[in-house]
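Thanks for coming. Please look at the sequence and the structure on the screen first.

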Amino acid sequence: MVFPLSYILFFSTLMLGIFLSISSSTWFGVWVGLELNMMSFIPLITIKMNFYFSESALKYFLIQAMGSTMFVTASCIFLSFSQMSALILLTSLLLKLGSAPFHFWFPQVMSGLTWPQAIILMTLQKIGPMILISYLVIYSPMMQIISFSAIISAIVGALGGLNTMHLQKMMAFSSINHMSWMLISITINDMFWTVYFFFYSIISSSIMILFNMFQTFTLSDLMKFNKKNPISILLIPLNLLSLGGLPPFAGFIPKWMLIQLLINNKLFFALIFLLSSALVTLYFYLRITIFFFLLINPIMIINKKLDMIPSLSTNFFLFFNFFTLFLPLLFLFF
């Protein structure tokens, strides 16, 4: 689906709220930006008034309002109790972000959204809280709490997606798992998480664009449409393997770089949990891809009409994951 023209205003104010929160020099300006961002996203959720959209909008509003209340409380006591204030600030930002152990609302909200709304929630809505969390790493106790949240997010994101049949919830738990890699990178290198976030946003958006093209929301929907659309037999599984970080796809690059950083900083304890969770997430990606690869019929693909090829506007998202297949060729020139 495409957002109606009347909602361009809300999307513009949503982006304005992000820029205002990350560029403000005062906590009051940060709070105004976060509130503007929240109040702009809720109308985008309720494009069509039905039970699922209304429930997701209400849950999102209540959680974000709770996080904003904690944020204002922490700002008020910042001068008197700086350490306690920083802890409350971090807790409110982790709650807004949907990171474990404050992840309980994220899969529930995701399950009631359409795929374009899910793209915004999984990408744009994470920019503000992540940048604000990076401002708090100047305190040593905050780095330990962020590392603890990253480890818990890795475990929850891996185990939560094992038994779900809904693609929205699977992508939500996948997002929680990828959030653990970004949080742990904040404690090491303040700007490296942006590299990981860029790759994560492109790859996850490409998968959700494909899901939206074919209007699939459950695993059974995937099994139905791949017989009709053999072109997607290659596109969806390869994008999922890239999201899982399987080499030589694009999703492996940021994980490879972060593994090197963790080893150089001797953070082996966190690395064990991150790698173990990556293997579990790769398992429930493979659970989907195995059906696609078993049902490949080359004759069907050759005889299929060309109108099943994605449009040029989505080619960048769909084939971004495959450019790393040609990276070994670069070594021939150096």
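**Cavities and a pocket**

I start with helix H7, which gives four residues, the largest share, to the lining of the largest cavity. Before going on, some housekeeping. This is a predicted model, in which local features need pLDDT of at least 70, side-chain atom pairs count only at pLDDT 80 or more, and totals for chains, interfaces and linings use all residues. Residues are numbered from 1 along each chain as its sequence is written, and side-chain values use heavy atoms, with hydrogens and water left out.

Now the terms for empty space. Rolling a probe the size of a water molecule over the atoms shows where empty space is left. On a 1 Å grid over the protein atoms alone, a cavity is a set of points where a 1.4 Å probe fits but cannot get out; a pocket is an open set with protein on both sides within 12 Å along at least five of seven lines; and lining residues have an atom within 4 Å of a point. Grid points are joined across faces, edges and corners, and a volume is the space filled by probe spheres set on the points.

How many cavities of 30 Å³ or more does a search of the whole structure find? It finds three. The largest cavity has a volume of about 100 Å³. Its lining has 13 residues, and Leu 34, Asn 37, Gln 64, Gln 125 and Pro 129 are the ones nearest its centre. Helices H1 (8–23), H2 (27–45), H3 and H7 each give two or more residues to this lining. By class, the lining has six nonpolar residues (Ala, Val, Leu, Ile, Met, Phe, Trp, Tyr, Cys and Pro), one charged (Asp, Glu, Lys and Arg) and six polar (the others, Gly among them).

Back to H7, residues 124–135. Of its 12 residues, 11 are buried, meaning under 20% relative accessible area with a 1.4 Å probe, protein chains only. Gln 125 and Pro 129 are among the buried residues of H7.

The second largest cavity holds about 60 Å³ of space. Residues including His 178, Tyr 196, Phe 199 and Lys 255 line this cavity. Which helix supplies the largest share of its lining? H10 does, with four residues. H10 (192–214), H12 (232–243) and H13 (252–264) each supply at least two. The lining of this second cavity divides into six nonpolar, three polar and one charged residues.

Next, an open space. The second largest pocket has about 290 Å³. It is lined by 15 residues, with Tyr 52, Ser 111, Gly 112, Leu 113 and Gln 168 nearest its centre. Helices H3 (51–76) and H9 (167–188) are the elements that give two or more residues here, and H3 gives the most, five. This lining has four nonpolar, eight polar and three charged residues.

Finally, the whole protein. It has 16 helices and zero strands, where helices (H or I, at least four residues) and strands (E, at least two) are DSSP runs, numbered from the N terminus. Of its 334 residues, 53% count as buried. The mean pLDDT, the predictor's confidence in each residue from 0 to 100, is 83, and 83% of the residues reach 70 or more. Over residues 299–308 the pLDDT is below 50.

Terms used
Contact = heavy atoms within 4.5 Å. Buried < 20%, exposed > 50% of the residue type's maximum accessible area, 1.4 Å probe, protein only.
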